[in-house]
Amino acid sequence: MRSGHYTDQYFNWTRRVLEAEARAPSVTMQIFQKQDVLLAGTDEAVAILRLCLADGYRWEDLEVWSLRDGDRAAPFESVMHVRGPYPAYAHLETLYLGALARGARIATGTRWAVEAAWPLPVLYFAARHDHWAVQMADGWAAHVAGVAGVSTDAQGAWWGGRGEGTLPHALIAAYSGDTVAATRALARRVPDSVRVVSLVDFDNDCVATALKVARALGEKLYAVRLDTAEDMVDRSLAEDIEPDGASELHLRGVNRWLVYKVRDALDRNGFGHVRIVVSGGFDGARIRRFREAEVPVDAFGVGSSLIRGQVNFTADVVKVGDDPVAKAGRRYRPNPSLERVA
């Protein structure tokens, strides 16, 4: 990072020009974006500035003022001001803007889902939808947004969390499609502190499979997870399809009627303690519809929707020394909420 290996090349040239010309103006860099967002990545951005300045410069040469991870930021609100000799940090703009953009995108999308589900928990299942190298920062952003759990240890590394999970389809397949046998094996091998959650859609018969697993494990079973593919109708709902097929679209995947049937079957058979986790194509809007309809769900597993969206940060030089200098359309925007970073 210090060498400019990850930097847009024009910033590397900018630093080289200033150094060659022996020109080191003290500038104020103002960082903002254009949406209502939940911030994450400020700690990482500050760490980049602290550790990766050009040779010959120290952290004490800068003044950094910033909002915090977890703060909300409005469009065009200054989220950070950096003041100091520009050659010291010109090559870092690409990096700290990227950290802020990624963090705020994950945190904002995740917070939308968390607020929609509240007070029910949201589980962050996004690891498989992106490159492994982003897991730690993404897990931190999801934590800032209020998720109840993450799926990998790496996602919890920055805040002391551990990965959580359920029985996967692959383990059921390894037991020749026997969900009960696979769940029993999992329950035997995980520590007592791990909650046993069984995936019950392998045979596309969530009601029957949930009952089989509940009868086999009893109090050891914490929850069942419904993950029916969006193009399939669970067997328990087949009789509800109208002759002309008009209702089939609404019965595909994990839907409220499937949840009602699983909940009713568990309760009628004495398994009221078994919770229901749903996953498969959930985002904030779909979660909100479930909550408004009072669907008896206990937790939402959400994946790819939490890493979508677009949040872009911009950095402008708005002062040289104490003199205002900014491109047309931009100006220095003081923000009393910014805190000096020690």
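Q: In which sense do β1 and strand β12 pair, and over how many bridges?
A: β1 and strand β12 (residues 313-320) pair in the antiparallel sense, over 7 bridges. This is a predicted model. Within the pairing, Thr-28 has Lys-319 as its bridge partner in β12.

Q: Which strand do 6 bridges join to β1?
A: Strand β5 (residues 80-85) is joined to β1 by 6 bridges, and the two run antiparallel. Here the bridge partner of Thr-28 is Arg-83 in β5.

Q: How many residues of strand β1 are buried?
A: In strand β1 (residues 26-33), 7 of the 8 residues are buried, so the strand is largely enclosed by the rest of the structure.

Q: What is the order of the strands in the open sheet of 6 strands?
A: A general point on strands comes before the case. In a regular strand, side chains alternate between the two faces of the sheet. The open sheet here has 6 strands in the order β7-β6-β11-β10-β9-β8, and the pairing is parallel.

Q: How many bridges join strand β6 to β7?
A: Strand β6 (residues 122-124) is joined to β7 by 2 bridges, and these strands run parallel. Leu-123 stands opposite Gly-149 of β7. Helix α4 packs on the sheet, where it touches β6 and β11 (299-302). The direction of α4 makes about 155 degrees with that of β6.

Q: What describes two packed helices?
A: The description uses the angle between the axes and the distance between them. Take helix α2 (residues 42-51) and helix α4 (residues 93-117): their axes come within 8 Å and cross at roughly 165 degrees. Angles over 145 degrees count as roughly antiparallel, which means that α2 is roughly antiparallel to α4. Their crossing is right-handed.

Q: Which residues of α2 and α4 meet?
A: From α2 come Thr-42, Glu-44, Ala-45, Ile-48 and Leu-49, which meet Leu-95, Tyr-96, Ala-99 and Leu-100 of α4. By class, the residues of this contact are 7 nonpolar, 1 polar and 1 charged.

Q: At what angle do the axes of helix α7 and helix α8 cross?
A: The axes of helix α7 (residues 179-189) and helix α8 (residues 206-217) cross at roughly 40 degrees and come within 9 Å. That makes α7 oblique to α8. The crossing of α7 and α8 is right-handed. Thr-179, Val-180, Thr-183, Arg-184 and Ala-187 of α7 make the contact with Thr-209, Lys-212, Val-213, Ala-216 and Leu-217 of α8. The contact of α7 with α8 has 5 nonpolar, 3 polar and 2 charged residues.

Notes: Residues numbered from 1 in each chain as written. Predicted model: local features only at pLDDT ≥ 70, side-chain atom pairs only at ≥ 80, totals over all residues. Heavy atoms only, no water. Axes fitted to C-alpha atoms, helices over the stretch in contact; angles between N-to-C directions. Helix = DSSP H or I, 4+ residues; strand = E, 2+ residues; numbered from the N terminus. Parallel < 35°, antiparallel > 145°, perpendicular 65-115°, else oblique. Left-handed = near helix turned anticlockwise from the far one by under 90°. Contact = heavy atoms within 4.5 Å. Nonpolar A, V, L, I, M, F, W, Y, C, P; charged D, E, K, R; others polar. Pairing = 2+ DSSP bridges. Buried < 20%, exposed > 50% of the residue type's maximum accessible area, 1.4 Å probe, protein only.
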